[in-house]
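Me: Can you walk me through this one? I'd like to go piece by piece.
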Amino acid sequence: MSTTVPVQVTVNGQARNVQVEPRQLLVHLLRDQLGLTGTHVGCDTSNCGACTVHVDGQSCKSCTVLAVQVDGAEITTIEGLGQEGNLHPLQEAFWNNHGLQCGYCTPGMIMAAADLLQRNPDPSEDEVRHGLEGNLCRCTGYHNIVKSVLDAAGKLNVTQVGA
Amino acid sequence: MTAIDDRAAAAPHRGQSLRRKEDPRLITGRASYTDDLNITGQLHAAIVRSPEAHAKIVSIDTSAALERDDVVAVYTGEDMADLLGPLPMAWVPPGVDVQNPPHWPLARGTVKHVGDPVAIVLSEDRGAAIDGAEDVFVEYEPLPVCMDIETALEDGAALTHPEIGTNKCHEWSLGGGDIEAGFAAADVIVERRVVNHRVSGAPIEPRGVLADYRAGALTLHTSTQVPHFVRLFAALILGINEEKIRVIAPEVGGGFGAKLQVTGEEMLCSWASRKSGRPVKWIETRSEHMAVCHHGRDQVATVRLGATKDGRLTAIHSKILADMGAYLMLLTPAVPSLGAFVMSGVYDIPAVQTDITTVFTNKCATDAIRGAGRPEATHMIEVCMDQLADELGMDRLELRRKNFIPKDDFPHETALGIVYDSGNYEGALDLLMEKLDLPALEAEKAELAAKGIRRGIGYSTYTEICGLAPSRITGPEGFGLQTGLWESAIVRVTVTGNVVVYTGTSPHGQGHETTMAQIVADKLGVDPAQVEIMHGDTGTGAMGLGTYGSRTTAVGTEAVARAADKVVEKARSIVSHLLEAAPEDIEVHDGKFSVKGSPDKGLALAEVSGVAHVQPEKMPQGMEPGLEETSFYDPENFVFPFGAHACIVDVEEDTGKVKVVRYVAIDDCGPAINPMVIDGQVHGGIAQAIGQALYEHVMYDDTGQLVTGTFVDYALPTAAELPSFETDRTETPSPVNSLGVKGIGEAGTIAATPAVVNAVIDALKPLGVTYMNMPLGPEAVWTAIQEAGQ
Ligand code: FES
Ligand code: FES
């Protein structure tokens, strides 16, 4: 076993102290050490976005970051975004609009979309398409993903206006 | 009550766009794909793969790897002498000689393509296994490579398998009608070289295996479309009794044919688990996937299409050269022939002939990828129809309409003797034209051209053959597949009146947990939420053949429907006995088994099930307790979905960049079960075909090195490249099955490439470009424009 270094992170609101190999990627810390397998791996060149999580509120491909780099950071994964019975509006919208088929790209897609809507709460179709450019889906042709994100944007805006 | 009310009462869930039952676990990150599973004590595997396209293995030095503390074992091909046979190829066409050189999970003596596996390294840790693999030193003696199918059969060509003495794998022909007379009767014949280049299925979840052999039994988790095939061949290759093997397809992250395979890695990890006494886990990297998971297409065809001068088709002949790659996998050589069955497309052509020659090269094997043979055939026909229309000076839609098989001519036997079940091709095209608003599109053309943008419109009117398959046609004495292609299902009503359905199919994104539940719910008068569909596990019930070839609804769901019908029959007998009414008078109405005419008098399924399980003494005398039935279903015929697609592209003259600006698809897969799910399948299929037509291309260089080894070089379309799609349906029932349904999973991929290519050619016609082959990347398009301008 190679040497490990301590890393302190807050994941989905919970403080975690872990020992990681210096070469360990964030995605493997999440999946293999913390058991958060909702974050997926679909490539080895940072193209597919299946591994997208939020680091300090911004979307990030967790296969592109070393675990040691997130020392002190706050991380949100799909498991922390919303759960059955308490779904995030994007999760609900993906469900309602058939925004997923095999579901493998979905957690990353939803996390990327959540970040997009934070930055641009009322995006056009074109802005959604370009905003999700870093996330690949082989099943849906993106049609219903885009529809889901626009639907969620509408609902989030209504909630905010109403609040 | 109106007829519609009646239908809604009898089948309230069919035809509804219910949101999917599978989604809650997927949108919350709680699904379990293969890589999410772990077994205590497991080892991680890394596979040492050949960097050479063709070479003799001189030596393999595993000592450095074995010296590493964290490496538990290293095995090579020599260690696997106890396998009972090589990897399977399941097509033995009667009377046809197919060369099938042995293909082993680990190479024996030579490697035949980049990525060919040479050794497996097992370690406690995934990273350490990869480190160990780097410490396995293999000495290769490079051999000449064969990379080009069009020269592979020439004298002196380098041989992929020198021991066979040729690169030819097999020849196969299918024809009907008098082909010579057909061409003799033609006033115009177009001949085109049609290339259908090599693509990757590229599901976003790569493949993965977790094999656990203990106490004489094997449990194999694998990201597969075909768990039952995998079990059968694991038994035959590893010498483990079939009943001692349980193959589980956990959540599977897309397949597209890439996981319709019995793979070396499945056999290798199972073998390594038995050998090492530990569970073995292997997860494919994307780079491995691009290099070693079977590719698709890769055909070059010479297509001749003849017609009289008034546009009546007289003959089509297609001479296909197909690249097998280095080895034959499960269905490799059969794929091009699947297209031959529909080589006359939606047209009434008196003479049809397909001649196929397959060739070995030092590349990864090809096999079925979404559409498998039918996209290639459809591309040949539909591109050549446009070429013929130009040659005849005739409108391309008029030419199509003139030759459509008329809607009152179904079932229709083609010149090949294939019987199309049902169709209404004019109907689909009419609806397409209604949606398209051609005048508006045409009107924008001149304005765009002034800005250096060429607009083009392309069409594709298609049918395909799916619902695999009637075993008598596809089986050993027919087409030569060494299996029947039936499906089976078990429908079990639980004590509390809920329903568990076991299917032998293995869906992986298609939504069958929802659509099958819709059918069963209607039949049994319950809510789809009360129906659970179990699939992808050889250990839990129904046998079957898996999910591919757009067969799961037309064959698998039909088997489910039939088992549910049997349950209904039994429930009616029980209810008729309890209510003292004739069984024929009991109907399922508004969630109850009730007596016709007196809907208040009836029992809900839960009550019937209560009797069947808790008080069986109240059942008719002699009837077995329980409420569970099994059905095996072998279809009488294939089903033939069809439709009409249009693609609108804008091409930048200066850069050659093609942008798909609109895509309109009318598809007909019979009466819908869940329209939203159908649309989703169509969207994904179209996107995959646009990917092939414009961006995706598996490329090797002349030395056999893979150029497109990652998602950096192999360009899947992103959301930014694609438009939203406009879809609609016509609904022509199939007479083949009781549900009237046809498959839809591959339709988009089959229909769309010619629509895109025809659109680009249409756009470039004013610039003098008359014909192009895929992929239509900017460089190819720009070059075509320059050459046409000279
Ligand atoms: S795994 Fe593909 S981008 Fe991270
Ligand atoms: S839903 Fe399968 S990859 Fe997106």
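Me: Start with strand E21 of chain B, residues 531–534. Which residues are on its covered face, and which on its uncovered one?
Reply: This is a predicted model, by the way. In E21 of chain B, B:Val531 and B:Ile533 make up the covered face. B:Glu532 and B:Met534 sit on the uncovered face.

Me: Why that every-other pattern?
Reply: In a regular strand, side chains alternate between the two faces of the sheet.

Me: Which strand pairs with E21(B), and in what sense?
Reply: Strand E20 of chain B, residues 499–503. The two run parallel and share four bridges. B:Val499 is opposite B:Val531 of E21(B).

Me: What unit do E20(B) and E21(B) belong to?
Reply: A right-handed β-α-β unit. Its helix is H15 of chain B, residues 512–524.

Me: What about strands E10 and E11 of chain B? How many bridges join them?
Reply: Four, and the strands run parallel. E10(B) covers residues 217–222, and E11(B) covers 245–248. B:Leu218 faces B:Ile245 of E11(B). With helix H6 of chain B, residues 227–238, these strands form a right-handed β-α-β unit.

Me: Switching topic. How many residues does each chain bring to the contact between A and B?
Reply: Chain B brings 56 residues and chain A brings 50.

Me: What area is buried there?
Reply: About 4,300 Å² between chain B and chain A. Carbon and sulfur atoms give 56% of that. On the chain B side, B:Arg19, B:Ile27 and B:Ile204 lose the most area to chain A. Together they make up 18% of what that side buries.

Me: How many salt bridges cross the interface?
Reply: Five, by the rule used. One joins the side chains of A:Arg23 and B:Asp131, at 3.0 Å from N to O.

Me: Over to chain A. Which residues of helix H1 are buried?
Reply: H1(A) spans residues 26–33. Its buried residues are A:Leu26, A:Val27, A:Leu29, A:Leu30 and A:Arg31.

Me: What do the buried residues of H1(A) pack against?
Reply: Four strands of chain A: E1 (5–11), E2 (14–20), E3 (52–55) and E5 (74–76).

Me: And what follows H1(A)?
Reply: A:Gly35, with a positive phi near 70 degrees.

Me: Back to chain B. Is B:Ser273 buried or exposed?
Reply: B:Ser273 counts as buried, because its relative accessibility is 0%. The cut-off for buried is under 20%. B:Ser273 lies in helix H7 of chain B, residues 264–276.

Me: What is B:Ser273 in contact with, leaving aside neighbours within four places in sequence?
Reply: B:Ala211, B:Asp212, B:Tyr213, B:Arg278, B:Pro279 and B:Val280.

Me: Last one: B:Glu787. Buried or exposed?
Reply: B:Glu787 is at 54% relative accessibility, so it counts as exposed. The cut-off for exposed is over 50%. B:Glu787 lies in helix H20 of chain B, residues 778–789.

Me: How far apart are B:Glu787 and B:Thr703?
Reply: In sequence, 84 residues. In space, 29 Å from C-alpha to C-alpha.

Terms used. Residues are numbered from 1 along each chain as its sequence is written. Chains are lettered from A and ligands numbered from 1 in the order in which they are written. This is a predicted model: local features need pLDDT of at least 70, side-chain atom pairs count only at pLDDT 80 or more; totals for chains, interfaces and linings use all residues. Side-chain values use heavy atoms; hydrogens and water are left out. Buried means under 20% relative accessible area, exposed over 50%, partly exposed in between (1.4 Å probe, protein chains only). Two strands pair if DSSP finds at least two bridges between them. A crossover is right-handed if, with the strands pointing away from the viewer, the path from the first strand over the helix to the second runs clockwise. Contact means heavy atoms within 4.5 Å. Buried area is the accessible area (1.4 Å probe) that two parts lose on being put together, summed over both. A salt bridge is a side-chain nitrogen of Lys or Arg within 4 Å of a carboxyl oxygen of Asp or Glu.
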